[in-house]
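Please find my notes on side-chain contacts below. Keep the model open while reading.

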Amino acid sequence: MTKRWLTLAALALAAVAGVLTAPAASATDPLTLDAGYVTDQADVLSADEEATVEARLEELTANSNADLFVVLVDDFTNPSDNVKWADTVADSNNLGSEQYLLAIAVDGRSYYISAAPDGPVSFDQLDTIEDKMVPFAADGDWVGAITLAADEIQGDGGAGALRTVLIVVGVIAAALLVWLVIALVRRARRNAEIRKRGAMPETPDPADPFSTLTDEQVETQAGLALVQADDAITSSKEELGFAVAQFGEGATEEFTRVVDAAKAKIAEAFDLKQKLDDEIEDTIHDRRAWHIRIIRIAEEIDDLLDDNTEAFDALRKLEQNAPQELERVRGERAALNPVLASAAPALSTLSATYDPAALTTVADNPAQAQERAELADRSIEAAAQAIAAGRSGEAAFAIRTAEQSVAQAAQLAQAVSTLGAELAAIETQSQALVTELQADIAAAQQLPDATGAIAAASSATAQQLQLAQADLASTKRNPQRVLEALSAANAQIDAAIAQGREGVERSRRVQQMLEQTLAQANSEIRAAREFIETRRGTVGSTARTRLANAEASLTQALNLRATDPEASLAEANRALALAGQATSAAQSDVQAYNPPGYDSGWGSPFGGGSSSGGSGIGGDILGGIIGGLLAGGGGGSSRRSGSSGWRSSGGGGFRSSGFGGGGSRGGGRSGRSGGRRF
């Protein structure tokens, strides 16, 4: 009985195999490529010729960044167009952007090279290759045609690349040699320059005017500057003596202090010069620094004495026009009276309105202004007496004193009214800031606040507002203090609002990404499930496990969608990745599948012949039937190995872009117009 059932099962399998094999015998529909580079369904290549072509195509893979697969059939059908037929085969076999398919219809006398648009060989080059293949194809020299295509795709077999590499290496070596010679010459010159310039910086510093001078040049300038500064001080002392005799010691007291300061500075310069000239050996860096210091001291002395000279000249001019200058100062003093009269009342008004702390800078200004005015009066009287007595120098000094006293008194009196205007402006600014902070508090209450930071900032700001409003409404207010407190509160709540808005924007972006990722993951999982279910006879456990985990992650993402969007997004991304892994693993299983006892494609399990090539879908159906009969639909599978199996990305020629769903090719083959008839 058991034998009878086994016999019936075998007969059923043979019948199914025969049915599925019959339409594939012509091998003209788009097909699955054989394990190697050549699929000869037209049977026009001998064993030696096929081995020769395989070896050449393996050499192409090893020596270039391209693969070439060749399929020879009797004719192209379903579709009959050579371009569409070749592109269909390339797409269905997941050829990558660096992998080309040469499809030849022997009886149909046409061929076409299918290529992705982003491949290493341009479409114009492919057109040229197809043109060159015509004579070989017309003579039926398939080995020659395929070899020519491989040669053209590879170019010069790597020799050009090698020559290019050698040329580049040679150029680099020559450049290095030239660079070395130049570097040595430059170093020698640099050492000579260093010895010549001493401590002079190698690279000029735009901020240092001495960086372009050698040590010798700096030393020369220092000597000249020291002599000139000493001569200038001597001349200034002589001028000072004349001024004291002319204007008196009181009038020239400031000039005397300037000359004394210049004398102290030049004493420092002479000390440095003595250190440079003594028997103690100094470093080149110390000597350069001391010479530069001498030059700078001389410049400082020159500036001091120039100012002193200008003051002397102004005093002499004042002396020459003493009567006229005295009348001018009297007019300025008379114009000061209204300003002085308004200072005290203005301060009283401010004191009644503002806190004393806000008025500390002008609290004694009216009194100080009055003292300056009285000094101006005394100086004007002294100047008048000196002019009457013919003491022009003394008159000039008194006029200068009165002039400065009037200017200071006016400045002190005006500062009171200026401060009042500033305090009023600060109050206006504080009121505007109060309104702004009230709006900020209202805006902050509308933002999500998971950590409570926004609520804390709002509470602190509200307290500051209360204090500020109370201070601004009081009769002894301090607008400056209020503005400082409000500004600090504004900065605090602005930072909290910015953080809250950033959180809102981040949540919006997460939600947007979540919806997109959920939709994409759901689509990928559905596609993977359908692919596996329709090919369950050939798909192993890895793909099924990845799919199950992807579905579990998607479910978890949907559960977290409303409560924790960020965690949901992480799960959705995991589901998407697992779905992609499931699809990749399932496609690898389908491509590697071959039922036990079969060589390649379809054949008879009872020893019958088999046609070259085969259908992957037929393998799935047969695998499902065998699995259903022998294991209740479980679907076992065997994989071809060694030289007869599909080669992995780790060795044998297939590149990583060739499998795994064909994703690396993006939008598929180009469908370029091309191909030739012969």
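1. Basis. This is a predicted model, in which local features need pLDDT of at least 70, side-chain atom pairs count only at pLDDT 80 or more, and totals for chains, interfaces and linings use all residues. Residues are numbered from 1 along each chain as its sequence is written, and side-chain values use heavy atoms, with hydrogens and water left out.

2. Aromatic pairs. The structure holds four. Rings of Phe, Tyr and Trp (its six-membered ring) pair if their centres lie within 6.5 Å; planes under 30 degrees apart count as stacked, over 60 as edge-to-face and the rest as tilted. F76 and W85 have ring centres 4.7 Å apart and planes at 35°, so this pair is tilted. Both F76 and W85 are buried (under 20% relative accessible area; exposed is over 50%, partly exposed in between; 1.4 Å probe, protein chains only).

3. Y111 and F678 have ring centres 5.9 Å apart and planes at 25°, so the pair is stacked. Y111 lies in strand β4 (residues 110–114) and F678 in the segment after β5 (676–677), so the pair ties together parts 567 residues apart in sequence. Strands (E, at least two residues) and helices (H or I, at least four) are DSSP runs, numbered from the N terminus. Y111 and F678 are buried. Y111, W142 and F678 form one aromatic cluster.

4. Charge over a ring. The charged end of R535 sits over the ring of F531, 4.0 Å from its centre. The criterion is NZ of Lys or CZ of Arg within 6 Å of the ring centre and within 35 degrees of the ring normal.

5. A buried glutamate. E130 is in helix α4 (residues 123–138). Its relative accessible area is 0%. The E130 side chain reaches the backbone nitrogen of I113 at 3.1 Å.

6. Salt bridges. The whole structure has 17, each a side-chain nitrogen of Lys or Arg within 4 Å of a carboxyl oxygen of Asp or Glu. K265 and E300 meet at 2.9 Å, N to O. K265 is in helix α8 (residues 253–277) and E300 in helix α9 (residues 284–320), 35 residues apart. K265 is partly exposed at 27%, and E300 is partly exposed at 29%. K265, E268, R293 and E300 are linked in a network of salt bridges.

7. Another helix link. R328 and E403 form a salt bridge at 2.9 Å, N to O. R328 lies in helix α10 (residues 322–353) and E403 in helix α12 (residues 392–444), so the pair ties together parts 75 residues apart in sequence.

Technical notes. A polar contact is a pair of N or O atoms within 3.5 Å; within protein, one must be able to donate a hydrogen and the other to accept it, and residues adjacent in sequence count only if both atoms are side-chain atoms.
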